[in-house]
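Please walk through this protein chain with me, from its overall contacts down to single residues. Keep the sequence and the 3D view open side by side.

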Amino acid sequence: MPGKVIIDGEIGMEMIQDVSEDAAPRDGTEGRGKWSRHLDYILSMVGFCVGFGNLWRFPYVCNRNGGGAFLIPYVLFLIITAFPMFFLEASISQFSGKGTVHVWSFCPMLKGVGVGATLVTAFAIPYYNILLAWPIYYMVKSCSSILPWTTCGNSWNTDLCVEDARNSTYNFTVLTGNASDPRTVAEMWDNATLAHTATEEFWQYNVLKVSSGLEEVGNVQWPIVGCLFASYVIMFLCLCRGVKSVGKVVYVTALLPYILLTVIFIRTLMLPGSGSGVLYYLVPDFSKLLHVQVWLEACLQVFYSLGPGWGMIGTPASYNKFHEPCLRDSMILSAISEGTSMFSGLVTFAVLGVMSEKTGVPIAGVVSSGPGLGYVTYPEALSQLPFPQLWSFMFFLMLLTVGLDSQFMGLEVVTTAIVDQYPRMLFNKRYLVTGAVCLLDFLFGILLCTQGGPYIFQLLDWYISAFSVFVFCTLECFAVVWIYGIKQISTDIEMMLGKPLARPMRILWAFVTPAVMIATLILTLLRYEPPTYGKYKFPAYASTIGWFVATFTLIPLPVFLVISVKQHLNQKSVRKIIHSAMKPDDKWLPSDVRYRKAYRENIVKANYSMRNNMKDIFE
């Protein structure tokens, strides 16, 4: 509601204060950039939400857990966990115009949540960026007259290499026998043939050149290092001016994957076997819904797909103008992200159906997940299409753009945290901060380009966000609802959007969402298994390293709690010390300066009575 400030006063009266349209700059917080257009923000977030997990993990997880039936728990958890957390993070950052760390001015005692989330993102950037180096390498190789992963007889091939999976189907017939479980069939087929196809050998022995284990780091793969460097150069050029520059790039990187996916899907539907693949993907198996593991995987998949708890939702939202419709945006982005997951499943299984038709291998034998799908199954399938170089180049270009968008937000979280900490010194030198972060991450990433790199990658991926993001999100809900106060956050949202927080969202933030996240965290820990890489089992000390990585990001929680409490030791009682440490500090204000005076005068005093807060939730 431009021109009006609506605030609930202490005594419950609605106060309306007229504000001159020219009283303050419309861009909100002084000295901090804003998105040039709201569409820039939407496309940037579409790019972030749609990542590798949507393309190569969701189709596999959906099929393994009941096909179409899996969508029931998936959509349910989207509504009660992922979407509420998305809106919560976006709303408080848009209101304050602060990034992941400094947004915790509303509850300084828990500032460690913001620092911890930034650390998780900072640790993830180097290992995630190797996923950008591999598509670049494959794109270069796609320009060859003959795709190198379609032939044997190369320097990296073994004597067991076969150029066509059909040449190994006798192993499949002998080994599978009467096995009927699709997962058993897939396991047997993988052991029997895929380790010896030209595509698999190119991936294992040319791209990765995997060593014998974690203890053997081996040689540096310099071609991959060159591709990794190229990926960081692209990221730096796109982010050197912050949201102003990335807001232009995403018009290409966010939309191109949809164009390429659609093109591949249409072309695949013209080939025999595609219909069988789509049906295999969609046919529901409702008996799977009786298993707890299916519900757990649905929650984990939708949660990691939207990405709350990493700081990558709040940071871009902090560059929004004050009155942008963040609730509507959260709904649109959640729907686009998960809709993309479902669409990518159709594309993936259409391709797998074509591959099954050509090779004579059941679809269960060619289903895979993760990099195995992106760099083995897809290249094998696309190499059988007319003009395979073109289709392969387009596919890996799509993977590159999908990964770039996610990395844009990750790098922006870290850069924003640093610049916001020293705004006067670094605001006009943002490009130097971006360059320094890219350089440090690149140097660390070289370790992942060694022959032992895949083991390090798997170890980091296994533990880095094992449970910390669930802890952070649970604390976010607790801090906003039970410390800052549901009445106050509702008032803040009404100031931005013209409407208070709806009762269903209050109930979700207060009870349902944190309860589901706690239950998911407990089940994840109870079902914990040590990391593996194919048939390789990591040594015992690897788990120790992994748990150190997983818990390191939680260290800021007690550190900043102690710091906040020490700043208020002049209070007379422990209760007053804790009370003061939880109160918003002087920097917690609306990002639009036109609303700050009224906010200071009429802020609802934090009320720590659980009874009163409970009443406010159900109003």
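Among contacts in the protein chain between residues at least 6 apart in sequence, 83% join residues at least 24 apart. Contact here means heavy atoms within 4.5 Å. This is a predicted model, in which local features need pLDDT of at least 70 and side-chain atom pairs count only at pLDDT 80 or more, while totals for chains, interfaces and linings use all residues. Residues are numbered from 1 along each chain as its sequence is written, and side-chain values use heavy atoms, with hydrogens and water left out.

The protein chain holds 26 helices and four strands. These are DSSP runs numbered from the N terminus: helices are H or I with at least four residues, strands are E with at least two. Of the 619 residues, 58% count as buried. Buried means under 20% relative accessible area, exposed means over 50%, and partly exposed lies in between (1.4 Å probe, protein chains only).

Start with helix α16, residues 388–421. Its 34 residues reach 50 Å from the first C-alpha to the last, close to the 50 Å expected at 1.5 Å a residue. The expected span is 1.5 Å times one less than the number of residues. In α16, 28 of the 34 residues are buried, so the helix is largely enclosed by the rest of the structure.

T118 sits in helix α4, residues 111–141. T118 is buried, at 11% relative accessible area. Leaving out residues up to four places away in sequence, T118 touches T100, V101, V413, V414 and A417.

Next comes a helix pair. Two packed helices are described by the angle between their axes and the distance between the axes. Helix α12 (residues 292–306) packs against helix α20 (residues 468–497) at about 75°, with axes 12 Å apart. That makes α12 roughly perpendicular to α20. The class comes from the angle: under 35 degrees is roughly parallel, over 145 roughly antiparallel, 65 to 115 roughly perpendicular, and the rest oblique. Axes are lines fitted to C-alpha atoms, for helices over the stretch in contact, and angles run from 0 to 180 degrees between N-to-C directions.

Which residues meet there? L300, F303 and Y304 in α12 meet V469, F470 and C473 in α20. By class, this contact has six nonpolar, no polar and no charged residues. Ala, Val, Leu, Ile, Met, Phe, Trp, Tyr, Cys and Pro count as nonpolar, Asp, Glu, Lys and Arg as charged, and the others, Gly among them, as polar.

Now the charged side chains. The structure holds five salt bridges. A salt bridge is a side-chain nitrogen of Lys or Arg within 4 Å of a carboxyl oxygen of Asp or Glu. E297 and R64 form one, at 2.5 Å from N to O. This pair links distant parts of the chain: E297 lies in α12, R64 in helix α2 (residues 52–64), 233 residues apart. E297 is buried at 8%, whereas R64 is partly exposed at 22%.

R328 pairs with D329, their closest N and O atoms being 3.8 Å apart. R328 is partly exposed at 46%, but D329 is buried at 1%. R594 and D592 form another salt bridge, at 2.9 Å between the closest N and O atoms. R594 is buried at 9%, and D592 is buried at 1%.

Finish at a loop. K34 lies between β2 (14–18) and α1 (38–49). K34 counts as buried, at 6% relative accessibility. The C-alpha atoms of K34 and N320 are separated by 5.9 Å, although the two residues are 286 apart along the chain.
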